[in-house]
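Thanks for making the time this morning. I would like to walk you through one model, beginning with a single chain and then turning to the places where chains meet.

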Amino acid sequence: MQRLLSSEFVHNYRHNIPAVLGSLLVLAFAFLAIFGPLLVWQDPYDVSQLELMDSFKPPVWLEGGHPRYLLGTDGQGRDVLASIIYGARISAFIGIAAMACSCVIGTILGLISGYYGGMLDAVIMRVADIQLSFPSMLIALFLMSAFGNGIGMILIALTAVGWVVYARTVRGSTLSEIQKEYIQAARVAGLSDTEIIRRHVLPNVLTPLIVVSTIQVGSFILIEASLSFLGVGVPITEPSLGLLVKEGFDVLFSGIWWTSAFPGLFIMFLVFGINLFGDFLRDELNPRLR
Amino acid sequence: MAEPLLDLRELQTHFQTFGGLVKAVDGVSFNVKAGEIVGLVGESGGGKSVIGFSILGLVDPPGRIAGGEIRFDGRDISKLGEREMRNVRGRDIAMVFQDPMTSLNPVYTIGRQMDEVLRLHTNLDEAARRIRCIRMLEDVGISGAESRLDAYPHQFSGGMRQRVVIAIALLAGSRLIIADEPTTALDVTVQSQILKLMRRQVQETGAAMILITHDLAVVSEMADRVVVLYCGKVVERGLTEEVIRSPAHPYTRGLLDSIPRITDRQRRLRQIPGTVPDIRTLGAGCSFRGRCAHAQPLCAERSPELAPVRGSLDAACHFPLQETL
Amino acid sequence: MLGYTIKRLLQMVLVLFVVSIIVFLMMSFTGDPVFMVIPIDSTQAEIEQARRLLGLDQSLFSQYWIFLSNLLQGDFGRSYVFRQPAMDLILERLPATIEMVLVAMAFATVIAIPLGVYAGANPNRTASRGIMAGSLFGISLPGFWVGMMLIYFFSVRHPLLPSSGRGETIEILGLRLSIFTADGWSHILLPAVTLALATLAIILRITRAGMMEVMRQDYIRFARAKGASRTHILFAHGLKNALIPVVTIFGLQLGDLIAFATITETIFAWPGTGKLLIDSIYRGDRPVIVVYLMLTAFIFVVINFLVDIVYTVIDPRITVK
């Protein structure tokens, strides 16, 4: 953590325009996701606030647009901007929560695998290998089709595909870490395994995970959006950005593009911001690439 | 007297880094005559390799040749365009790299990598090229040459690979070979074999060679003349025997003192105190003064110019040494 | 080589076995398929009867045993919806999917590798930075959304290209292919571009990273010292070394393309296996899902095997064990 805050890191960050741009994007989205509901005048899921008369209004700069609806409205007269802001909260929550679950489970399995080795290690790594030879999207799709819709189900499905990368990374760093002398010394000093793992191994294997987690939030948001688009993701009562795009699909052919275009654009910039920042972190925290 | 094969005049090669301008090669002049071996000596970071790359026009940005001339066979090749330079590389001037483990492309056979030079620089047909490659491999002492052509680099030992690299360098009949630390990465026993091989090949083909090394012992065995570099500048140059016997520059003396000799077993090996300074922050004065036992106030004020001292020796020192070792 | 191949084949069988267990288990947790096959007004006795017919009254283990032995005998079950063998349904649609995936892969490769080589060989040029920023955009794009926007621009707003279906096909070697007709191309263009974008970006980035690593190597300088031209150095000396990581990613991406084809096929109503899978998920048509999963697992395992073989061809240092 100290390394993260070191001045060189900060210096490089300030001089890396993409990194600054990326984090600004992420911060802006975080702000919108947290305070957004206070900024828009309509709660898109409170039926009493909807005006059916205002359905399919185009964005404000087009003919027929209404200043109340900046990005237009959908078939129920919902403000697209408000839907996006509410949807972004769901998308971001799923991305971050699934990343956190994957990280915790993957790290624990990776530590066990790397520290104890043996049969347990063989089994964990075999499963990881097999899983890695299949696309995450397909595994998640399959799990969702088995479990059924729901945010909890998505979290399980994403965690099931996401733990592998942590387990492998952590196992690798654990293996190289436990060969170092201070670990041997700690063993000789009579520290218990859990104590050694918690106090000595864990802090030293966490740095590479920062990059992995950052990038993963982005890819989870994309996978969740894809699942929801296919109708096997979030339920209609809790529409994420992906589901908003899906709902816009049906009316796209009648020329109503704004109900799907803007949520998609939002996903794109959100993930783009995360990836920009993740790229910078990777270059900074991985000295080999410099 | 005939014009030398290679004549470096006040060569300047600079690197623009974030920390400032690095003059890796700062006004270096020396020449190489046909059939001669010239040793380029200095500690790592002294700009030796950069001179080799400068001659071949292989200095990549942020580096560039900022001044001076590189006259090869009477014309300044530092001003040539990329296309003309490609005809110089590999045909007129060839280079042998330090690490044979990495200088051969791992995914091509030895034969293909050898053939590449001939394809680029000769009009021979495939069969003739193949024969030439086989003969060259035999010349550098690789047995079963014909079958070895289809082998990949990883199937060779380090010494064998360096033989292949040398074979590639000699293949097109270049008149100048630049050998950049050709034996540093090899085992001691293999080192002398490779050096002998290179010496013999140079003598047989009548080519000239620039031998870049940090090891004065190697130079004393191989080179006709020596050029000693420090911080991108020539500090001493002359015939090998004279430089070895009575060096005029304290830096050369320091390098010599750090070589073990069979003649005097009792003497303790000495090393030069301190390290090579940061070239960016040198300022005025002699760049060696910080590590020099003979430094005077004058050394901090004025940078010494390279000037004749005695015999063949030129040195850049205000107070050249007089004693004989 | 033979020993290695046999070992790999055994591994492949093992992976497929594990996949079959997982697929079976997951499928047994998802609701009771008996309601898919019986009329709504069936009596309890009829339900029990159907249960016995489907083997659902037996233990999980013996159900798996029946499932596995059926698979091994080439009996992959019948679709509840189409009342046809599930395998036939999928094989019928497989050429359409493979065609789209291969066209997308070709698009991606042909564009990504030259750009990646350029960006890797000249990392500091403005154009390279532009390419990299573009590729980052590419991996941040939601594919389904791109497909929809393409439909909007090229089919709705400016009716240039069809938005759905597969074009005219002709039969070649028993496969119905559309890439040999102009109409077929007009249909495949939008879905293939949609599918290709993410893969393009990823292959580009891997190629660039590989080239950057390779261009630092001594053998590149040595090749330059030989007098080789820049193009020759980039493509003959550089790219072949840089391709080694690209080949791995190529295999993985082929898998990803098959997975994401489900979405693309749904958007463009492309009559392939992906759309069939999604439709079957909606309808709870379990046998079709099972066959799809087993078949894709088989395809992935074969792709991975081929990737390993290609490795040994590209990189002579890797000897098969």
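Let me begin with a definition: a residue is called buried if 20 or more other C-beta atoms lie within 10 Å of its own, exposed if 12 or fewer do, and partly exposed in between, with the C-beta atoms placed from the backbone. What you see is a predicted model, in which local features need pLDDT of at least 70 and side-chain atom pairs count only at pLDDT 80 or more, while totals for chains, interfaces and linings use all residues. Residues are numbered from 1 along each chain as its sequence is written, and chains are lettered from A and ligands numbered from 1 in the order in which they are written.

With that in hand, chain A has 290 residues, of which 47% are buried. Its secondary structure amounts to 12 helices and zero strands, where helices (H or I, at least four residues) and strands (E, at least two) are DSSP runs numbered from the N terminus. The C-alpha trace of chain A spans about 75 × 45 × 30 Å along its principal axes.

As for annotation, an unreviewed UniProt entry places "domain: ABC transmembrane type-1" on residues 88–278 of chain A; UniProt positions are in the numbering used here, feature names are shortened, and annotations may be inferred rather than shown by experiment. That span of chain A is 85% helix and 0% strand, and its end C-alpha atoms lie 20 Å apart. UniProt lists the feature "domain: ABC transmembrane type-1", again from an unreviewed entry, for residues 94–311 of chain C, a stretch that is 80% helix and 3% strand, with 27 Å between its end C-alpha atoms.

Axes here are lines fitted to C-alpha atoms, for helices over the stretch in contact, and angles run from 0 to 180 degrees between N-to-C directions. On the helix 4 side of chain A the contact is made by V80(A), I84(A), G87(A) and A88(A), and on the helix 12 side by W258(A), T259(A), F262(A), P263(A) and F266(A). By class this contact has seven nonpolar, two polar and no charged residues, counting Ala, Val, Leu, Ile, Met, Phe, Trp, Tyr, Cys and Pro as nonpolar, Asp, Glu, Lys and Arg as charged, and the others, Gly among them, as polar.

Which chains, then, touch? Two pairs of chains do, and the most contacts are between chains A and C, with 33 residues of chain A in contact with 33 residues of chain C. On the chain A side, helix 6 (136–147), helix 10 (207–230), helix 11 (241–252) and helix 12 each supply at least two residues, and helix 12 of chain A gives the most, with 10 residues. That side of chain A has 24 nonpolar, eight polar and one charged residues.

One helix pair spans these two chains: the axes of helix 11 of chain A and helix 7 (residues 143–157) of chain C come within 11 Å and cross at roughly 15°, which makes the two helices roughly parallel. V245(A), F249(A) and L252(A) meet F144(C), W145(C), M148(C), I151(C), Y152(C) and V156(C) there, giving nine nonpolar, no polar and no charged residues.

Finally, chain B: no contact joins chain A and chain B, and their closest C-alpha atoms lie 12 Å apart. Helix 1 (residues 48–55) of chain B is mostly covered, with eight of its eight residues buried, among them K48(B) and F53(B). Just after helix 1 of chain B, G57(B) takes a positive phi of about 65°.

Key:
Contact = placed C-beta atoms within 7 Å. Parallel < 35°, antiparallel > 145°, perpendicular 65-115°, else oblique.
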